Structures are given as C-alpha cells and as structure tokens.
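Subject: Structure for your files

Hello,

Here is the structure I said I would pass on. My notes on it follow below.

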Amino acid sequence: MISYRILAPVMSLCMLTAASTTTVFGETDEESKECFESRKDLTQVQQREIEPGVTNIKCSPTTGGVLFWSDPFDGTIPMGDMPVEADYSHEEAVVKPREPQIDRNKLLTICSMACHNGEYVPWPENKLARPLTMHQDIVPDAMQLKHGKQAIWCLDCHHAATRTKLIDNYGNEISFNQPQILCGKCHGQVYRSWRDGIHGKRIGMWNKGGKKRWWVCTECHNPHDVQQGERNSGFAQLDPEPAPILPKGMINANHERGHGEDH
Amino acid sequence: MSKQNNKQNNKNSPAEDVTRRDFLRKAGTYSAASLTGAAMLLAPKPARATKNVTWAEHFQKNYRLMTDEEKKEAIDRLVKRYSEEFGKKVSVDDAPAMDGVLFGYALNIQKCIGCRRCVKACVAENNQSRGDKQQIEWIRVMRLEKGKFSEGDRDDGGYPQDFGIQVGGNAYKPAGVVLEGQHYYEADKVPEKDAFYLPMQCMQCEKPPCVKVCPVRTTYRDPDGIVVIDYNWCIGCRMCIGACPYWARRFNWGEPDLPAADMNPDTHYLGNRPRMKGVVEKCTFCIQRTRKGRWTGCVEVCPVGARKLGNLLDPESDVRKILATKKVFRLRADLNTYPKFFYFMD
Amino acid sequence: MLKRTIAVIRQWLSPDQDAQYQQVAHKETLRASRRGFFRKAALGAASVSGAAGMAKVVVDSVPHPDQKQLYANDARAGEQELAEREYVLMSDQEKREMVQRFIDSYPDQS
Amino acid sequence: MKRFFQFVFDFLRAGFSGGVIFWGWMLLLAFFIMLWGYGEYVQLTNGMIVTGLNDQVSWGFYLANFVFMVGVAAAAVTVVFPAYVYKHKELHKIVVLGEMLAIAAVIMCLLFVTAHMGRPDRLWHIFPVIGIFNWPHAMLTWDVLVLTGYLALNIIGGFYYLYKKYTGKPVNKLFYLSIVYIAIVWALSIHTVTAFLINTMPARPMWFHSMMPIKFITTAFAAGPSLIIIVFLLVRKFTPMQIADEAFHLLSQIVVWCLGIALFLTLSEIVTELYPSTEHSLGLQYLMFGHHGLDALVPFFWTAMALMIGSFILLLIPRVRKNLLLLPFICLAVFVGIYIEKGMALMIPGVIPTPIGEFAEYFPTHIEFMIVGGVWAIGFFVLTVLIKGAVGVLLGDVRYKEQASHTVQGEQANAVAT
C-alpha cells in the first residue's frame, strides 16, 4: 500500500514529463506560429493555413498579438446555459474553451490523478489559508493572494478534490470554460454588464440575433491578481505595438515628451 | 525623388558599371551579388493598385449616381484588376446600408491600455499603405499623462506659459478637452502607471464637416451613418482633411505600398479596396464587415474589450445600453458635428 | 416602550432597587420567569453592543490594509484624472435628446 | 472676325518683341518654367510624396502662394477703383495694366491650385454638367466660381478696351463700365471667398475668426499695390509709357494705409489669442515662439513683422513715400513681408498643431520650390507679354490698319519695346 502511494505520483510525473516533452517537440516540428489573443501565454492560438494564402489568424509581427480572425468562431463551443435569462438566449453564443489553455498538456488531470487524490495529499478539511509546500511557483503570492483583498483563498474557487474544476458557493463543480458563473457570484454588477455586452468583449456578428463569440472573464483578467498591483487597470501589461512613423521633417518626438516640466 | 533615383542607381551600378576586366577578375563576387540582386528583383514587390487602370475606370461616374448596371460593371472591372495585381481572388462588395441601422461606437476610456493593437489590426483589415515610405493608420492612440495638471500644480506653479502675469487661482484652468499628449509614446509595457490613453479615429459625425466642404461630393454620408468616400471620384484637394476636427482623414501621398501577401481580399467598394495615389481615405467602421453584420476589426482585436459598436436605433444594442447607463462624453461636442463615437467610463 | 427600556437598564444597574421598583410599580405582578427574561435580554444586548464596540475599536486600531489604500488611490485615479481634465460628460437629458435626434433624422438623411 | 485675329496676332507680336534685356529676362523665366515642368512631371508620376507635405501638414507651400496670389489679383482693384469711382485721371490711363496684372495673378492662382491637388487628372469632376459641382455647400466651388469669373471679367474688360483702342473705335461705355464696376466688387469677393475657404473650419482654430476676410483684403491691398508700383516703375523705365508721379503717390498712400490696418489687425489677433492663451492659440504660439524646440517658422514670422513695421514707419514719412527711388525698395519689403506673413506664416500654423494636438514641422522640398518658382516665372512671363502688348496698344503703336503689312507693325513694336 505504501509502495503504491509512492509509486503512483512517480509514475504520473513520468507521464507528465513524457506528455509535455512530446508536445514541445510537436510544436517545433510543425514550425507553426503561435499568437495570443488577449492574455499572453494564456490565450494562445496556432496560426495555420485554411486556404492557399489565407491563414486562420493574422498576427502582429512585433508583439505576436492576434490582429485578425478569418473565422471568429474557430475552435469554439456553445457557451452553455446561464442561470439568468439574457440576450444571448436568443442568439447563438459560443465561447472558446478555457481548459486547453489553462490545462495545456493535461497537467491538471494529472494533478488530480497523481497527488490530489485524497490519499497522497489528503482532502483539505476547510478552505482556510495554510502554508503551501508546493505551487508557490504557480501562484507566487498565494499566501497573500491579491484577489479578494485576502478574504478568499484557493479553495474558495478551486475544487478541493477535482482539480480540473472550479466550485461555486454550494460546492457545485464549475467548468474552467465557464468562469463567469463563478466570478459572477461576487462580482454581480460586472457580471450583469458583461451579460448586457457592456463589459468585456464579444466578437463575431454585431447584429441582433447574430452569432457571437463571448469572451469569458479569465480570457482577459488574471483571476489570481485581477487588479494587477499598483496599476490597478485590471489587465496585465502587454508589449505595445510600435509607434507610428514620424511625419516627414521630424527627426524625433522629443517635443511632445516632458510636458509640464519645462513650463 | 532624385535622391531615391540616386539610391536606386547606386544599387544597380555595381552590376552595370563594371569594366570587362573587373568583371573577369571579380566574376565570382559579382555573380553572387547579381544573383542576390536578381533575387531581390524577382522577390514579390508591393503590388501597384493603379497599374492597369483602364480608361473606362478613369471616366466612370460618381458611385452614388451610377445605375445598378454601371455599379456592377465598375465592380467587375475592379475585381478583375485587383485579382490580377494581387494574385488572389479578390471580392469587391457593394452592399448598401442595412435598413433600420445607424452605427454608433463607444470606447471605454478607463479600460484602454494603449497597446495600439487596434491600429495595426485596422491596417491589416483595411489595406492601408504600410512601410517606411508611406504609413497610413486610421486610428491614432494618444497617451495622456495623469496628474500633470492637478489642481495643486495649477495653483502653486503659476502660469504655465512664459509670458503673461498669473493673477492667481485657477485663471489658467482650461475649459474642455485639451488634447495635449504623446502620439509617439514608446513604452516597454503598457499600460503605464502614470498614463491613460485616448484612441481617436473617424467619429462618423451626423453632420460631417468633411462632407460639406467636398467640392465634388465624393465623400458622403450613407443612411447607416457611415461617411464614405468614392476613391475613384476624389480629386485630392484635401479640403476635408482641413475641415475634420478629429484629424481622421489620411491622404495617399504616393502610390500605396500594399504587399500582395498581406492584402485582405475581402473588400468593399466604399471601404477597404486598394486605393490609388492622390486620394483621401479614412475609417469606415469596416464597412465591408459591418454591412454584413460582423464587428469591426478594432472591436474584435481590442484585448481589453474597450471598444463597442452597435445600432443606435436599437435600444437593446451595446451602444444604447452604454448611453443609457454609463458616463459618456464626446470629443469636441461643442462643434455640433454630432459625432457618433462615444467615450465612456464605468 | 421608552419606560420599559429604562426599566431594563435600571434593572441591570441595580437588581435590588429594581425589585423594589418593580414591586412598587406593578404590585408583584411580574413573575420570576419574566424577570429572568428581561435580565437575559439586557445582558445579551449589552454584551452584543459591547462586543460590537470592542470589535470596532479593535478593527479601527488595526492599520488599514495596503490594498484598501491602493484601491482608494488608484481605482479612482482614472476617474479623478478624467474629471480634472473636464471632459464634459453628457447629461442624461442630453443623451436622450441626442439619441432621439438620431432616431428622428434616420430615414431623412442620406 | 478677321480684325480680331489680327488684334491677337499684333498684340502677341508686340508682347514678344524686345531687346537684349527683354530676351534675357524671358530666357531666365523660361529656365524656371522648365524647372516647373520637371517638378510637375515628378510630382504627377510619383504623387505628392515628393513634397514635404504629410497628413499632419496637408496644406503647405502651394496653398500659401495661392492665398497670396489671390490677394495680388484682387489688388488690381486699387488701380481700377480710384480711376473709375473717383475719376482719377492718371490712374485712368494705366488701368488696363492693372487688369493685365490681375490676369497674370489669377493664372498663377489656378496653377497653384492644380499643383496642390492630388489628382489633377480628375479635375473634370468639379466641372458642372460633366462632373459634380457641390455648390453652394462647398466653399471651394465658390472659390472656383469667383476666380474663373474674375479671370473672365478681367480678360473681357481689359481686352475689350484694348481692342477698341486698337481698332480706334469708341468704347461702349455702358458695357465697359458695367464690366468694370462688376469687376471691382468681384475683386473683393475673390479674396473674401478665399478667406472663407480657410476660416470656415472650426477644426483649425487659428483661422477660425471673422477677421480673416478683412485682414486678407488689407494685406492684399498693401502687397498688391506694392507690386503694381514696382511693375509700373519698370514700365515707366523700360517703355515710353508715361505714368505720372501722382499715380505712384496715390498707390503708395493706399499701401501705407492698408498696411497700417493690416498691422493693427495682426496686433489685435495676437492680443486676442495670447491674452487668454487657450489651446486655440497654440498655432499662433508655435508661429511666434516655437514649441518645445520646434521653431522653423519663428525667424520668418519676426522677419515679416520687422519688414512690415519698418516699411510702415518709413512710408508714413511723406518725403520717403514720395521718393520714387526709395519707394520700390520699401515696396519690395512690404511685398516680401506680407508674402511671408500671409503665406507660410498663415498656412502652416493653421495646420500645426493638428486638430488633435500633434506638432510637426514642415519643410518644402526642392520639388515644391521648383513648382512654386516655376509658377511665379509663368506669372511674370504672362505679365511681361501682356504689359508689353497693352503698352503698345495704349501708346497707339499697335493699331489696326486696313491694309497694313504685319512687318511694318512688328518693326514698330520692336522699336517701341527697345
């Protein structure tokens, strides 16, 4: 029994390494370009040719951000039901599944299988914060979680037993593909304006009744640090696209820098 | 021009000017050089959209006055020409305005992080000229500094200009929007802590001053509220550039530089079809998309979802909801052009 | 109601006096159980308010978390800045009228 | 009809005849006209990218010259008006020369506008019937109307008078005077409309004030007569045409008063803009003091002011004003000062900063200089020919003879010119 307890995680870890290495090699072999939609590294898209000379996306050569979707609904799944009646119930609403992004290489599945199986790491008894022995790398400030002004902690959102799922207040499982159900529990106002299309982002057809791809919370915000520190913009910093070329006759734009100082 | 010529001459001269002896002696070097030169010549060059303009195209009527047949002829001509020049199947749409639609645009100024992705996406979508010689961008993002004009600074620092006498208090407090910011900011990462950003583009005014000043009515307002330009009718007088209070119009100073590979083949006659030199162009709310029901390029790529487009006649649309519930302002509202581009705050 | 509250307080302050008072006032009509209930209620109320007060003192004495300050400083900074720049916000009426104007003039213009 | 062709032929013959100085002058002009041809060719083939213009500064050197030349064209009225309204005898004799100047100036205006256009090959779009003429909405269509109308009025009026003089028949006073009076009002209209062209755009606050038309007219009536004085002095020197001193005195008086009013208006504008110093004054501030190191226009502005104020003070002194040796140089100073002040110093800060506050500096390229210089050369070329022809007719040297042989006339004209 003891031996099995030790063996299982080791084996899983081997599986994990194998899985990750194969994907890494796979990527290099294809030599395809990977771009990000909104959050760098967490909203990745592969660029590929869909017709001769036409790619599914166009990417910025400088920052790698997606500039153009040939098909805005590429790789999406139906958004699923929402607890409240809203506009989208009359329209086709799709989302891009978050699981492949968060759970690239199926790591989370392995987590559940290997360690967080209730045996190797026992089920936590409550949601209180406690010192973490591992995973400080995943969420660096886990002990002073930026989200929720330190009133919440990992297991308020993450499922204690099923690591591939989130939970709501009642302990029901929520898919990573539908974080809005979880976020909406606290951020009701934002949730409502998101549902109305005022907050957040949708792409596809603007017209009433047209198909829309809805962007879910975690496609733009980092749930572990929504405010993003002192800048408090709600968004992680990105590389900006290059500035426009200076007009003819101008050597630099120094004249517009340093306003206020020389007054 | 002569400079450019000289440059080109210099580039070509090693292959042309060599004497026979030199040629024999340095054959190896030069053959390599000329091979690269030939490669450069053969390499796909930016297509010239006005290479094969026919007389028929040159003498066609103003788009608005064309009959349906004439429109079809004009579009067929363009499809043929563009497809040849860009080496791909180009479609030129002539979709008229949808019934019961009036486009309005809203931008959340608190959300904008100044990443300029909308600017580049617009270029990718709308076939603007790019490159070092002539870069046309329809969207301009301005970086405004926070806190430079705080109340305290004004009181203590006195008059910001060198001349004049400060008479105390807030005598200098400017009224309305002072668009004094950086157009050419180069940040490592955005958003910066001490800045916010103000993107600007064509506001599709209900009473567009640019339309009024056009001497040949090549630019006009379509029923869905989009101000469009018939590029084939524009005489390039640039009155509209002078009249636009939002600096939204751009001019093709030279032949547009549009690489065939990057060309977006999905075009509209009044929108993103390749332009020729000497005509004015501007944002059309991606008419080739919006008239088919799709969101504009800038709305789709904004990584923070700050941009919203909707039908002002539909009370359920995003824009109407924003107008109803948010704090909204317009730039230069005092000029009474009724811009349909709204900035809002949460 | 006020009388009764005062009675409760008196009762809590001096149970003996209270007894006298009660006797005088109500001629031994109050039963022991009822008296006990009042006493309990009084004690409960006092302890609750006391605890609340204590909690308030404790909470107030604790320095504000950084986050709160940050929020005050930064979350409103944008708004404040925008207000200082005096973007002229549209009033509700202005917005309504503008939209109405758009709607009214829709079919006419072209 | 034959008589009319004879007139055209004789007029041109008289215009194109002269001595060494004349041909040297014409050759010099021809050289610049060739440069113009080259510049136009380069600009037409490559687009306006060969100019220093860009989206920030989309109106530049061409339009600056255009605005100035409209003023010069309008200024012909300073000769015509006193001659006919106040029956000024001396000016009456030379009024046709003023009209010739107007013709040359309007031709220059049209060439400048053509050079400014991005697609001159589509110019026909603006013609009524075959194109669309957005009248009365677009101010530019008004400008086209008044300019072509003014050109027509001057050609008809001037050449009608010369033709009658040439044939020796009496002038139909009703016809001629009505043309003259219409032209007087029209001259004011061309400059007013040109002012409206740029001051009806709230997007450009520096131009957006109602003082623009009157300022245009006063500067035009200072710069125009200055040029006329110089031209008339040259005419007096190089042709047997008699122009009385009195005419110059009247013209120099017009110059000094209009210059004074122009300076006053400029001062008013500066005070009005700079006292409150709103963002609407950024253009003027840029012009006068530069903006964070961008100060290409600053020396030009102060030079122009110095020239204008200096010559104004000099012209106020009657003895200086009446000194016909000194006068042309002062007039040149006025002309140059106003050329700067009303040309580049008006056009460029109007578009800088852009409506959204961007500053950019503008430097005309050599192509622009070639074209502008060439158009000036064309203007002087036309003016020389017209004035020589007109002088010939006015002096009676060129006149219609039933059986005259052309050679005799030609020799006569030659004799006259040399």
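**Chain A: make-up and sheet**

Of the 263 residues of chain A, 40% count as buried. Please keep in mind throughout that this is a predicted model. The secondary structure of chain A comes to 7 helices and 12 strands. If one takes the contacts in chain A between residues at least 6 apart in sequence, 48% of them join residues at least 24 apart.

One sheet in chain A is open and is built from 4 strands in the order 7-8-12-11, with mixed pairing. Its edge strands are strand 7 (77-78) and strand 11 (202-204), each of which pairs on one side only. Strands of a sheet pair through backbone hydrogen bonds, either parallel or antiparallel. For strand 8 (residues 93-95) and strand 12 (residues 212-214) of chain A the sense is parallel, over 3 bridges. Within that pair, Val94(A) stands opposite Arg213(A) of strand 12.

**Cysteines**

How many disulfides does the structure hold over all chains? The count is 1. The disulfide joins Cys35(A) to Cys59(A), with 1.8 Å from S to S. The link is right-handed, with 95° about the S-S bond. Cys35(A) sits in strand 1 (residues 34-36) of chain A and Cys59(A) in strand 5 (residues 57-59), so the pair links distant parts of the chain, 24 residues apart. Both ends are buried: Cys35(A) has a relative accessible area of 1%, and Cys59(A) has 11%.

Two cysteines of chain B are in no disulfide. For Cys205(B), the nearest cysteine sulfur is that of Cys202(B), 6.4 Å away. Cys205(B) is itself buried, at 7% relative accessible area. Cys244(B) is also in no disulfide; its nearest cysteine sulfur belongs to Cys210(B) and is 6.1 Å away. The relative accessible area of Cys244(B) is 7%, which makes it buried.

**Chain D against chain B**

The interface between these two chains involves 51 residues of chain D in contact with 57 residues of chain B. About 4600 Å² is buried between them, and carbon and sulfur atoms give 58% of this area. Which three residues supply more of the area that chain D buries against chain B than any other three? They are Asp55(D), Ile132(D) and Ile356(D), which supply 17% of it.

The rule finds 1 salt bridge across the interface of chain D and chain B. The side chains of Glu358(D) and Arg140(B) meet in a salt bridge, at 2.7 Å from N to O.

**Backbone points in chains D and B**

Two cis peptide bonds in chain D may be worth a look on screen. One runs from Trp135(D) to Pro136(D), with omega near 10°, and Pro136(D) lies in the loop between helix 5 (89-116) and helix 6 (139-167). Another runs from Ile352(D) to Pro353(D), with omega near 0°. Pro353(D) is placed in the loop between helix 14 (344-351) and helix 15 (366-395) of chain D.

Positive phi values turn up in residues other than glycine. Val129(D) has a phi of about 75° although it is not a glycine. This residue is in the loop between helix 5 and helix 6 of chain D, and is exposed, with a relative accessible area of 83%. Arg238(B), also not a glycine, has phi near 65°. Arg238(B) is in the loop between strand 6 (227-229) and helix 9 (239-243) of chain B. Is Arg238(B) buried or exposed? Arg238(B) is buried, with a relative accessible area of 0%.

**Phe175(D)**

Phe175(D) is part of helix 7 (residues 173-199) of chain D and is partly exposed, at 36% relative accessible area. Apart from neighbours within four places in sequence, Phe175(D) is in contact with Ile156(D) and Tyr160(D). From its C-alpha atom to that of Gly396(D), 221 residues away along the chain, the separation is 22 Å.

**Chain C**

Chain C has 6 helices and 0 strands. Buried residues make up 21% of its 110 residues. Chain C exposes about 8400 Å², of which 59% comes from carbon and sulfur atoms.

Regards

Technical notes:
Residues are numbered from 1 along each chain as its sequence is written. Chains are lettered from A and ligands numbered from 1 in the order in which they are written. This is a predicted model: local features need pLDDT of at least 70, side-chain atom pairs count only at pLDDT 80 or more; totals for chains, interfaces and linings use all residues. Side-chain values use heavy atoms; hydrogens and water are left out. A disulfide is a pair of cysteine sulfur atoms within 2.5 Å. Helices (H or I, at least four residues) and strands (E, at least two) are DSSP runs, numbered from the N terminus. Buried means under 20% relative accessible area, exposed over 50%, partly exposed in between (1.4 Å probe, protein chains only). Accessible areas come from the Shrake-Rupley method with a 1.4 Å probe; for residues, only the protein chains shown count as cover. Two strands pair if DSSP finds at least two bridges between them. Contact means heavy atoms within 4.5 Å. Buried area is the accessible area (1.4 Å probe) that two parts lose on being put together, summed over both. A salt bridge is a side-chain nitrogen of Lys or Arg within 4 Å of a carboxyl oxygen of Asp or Glu.
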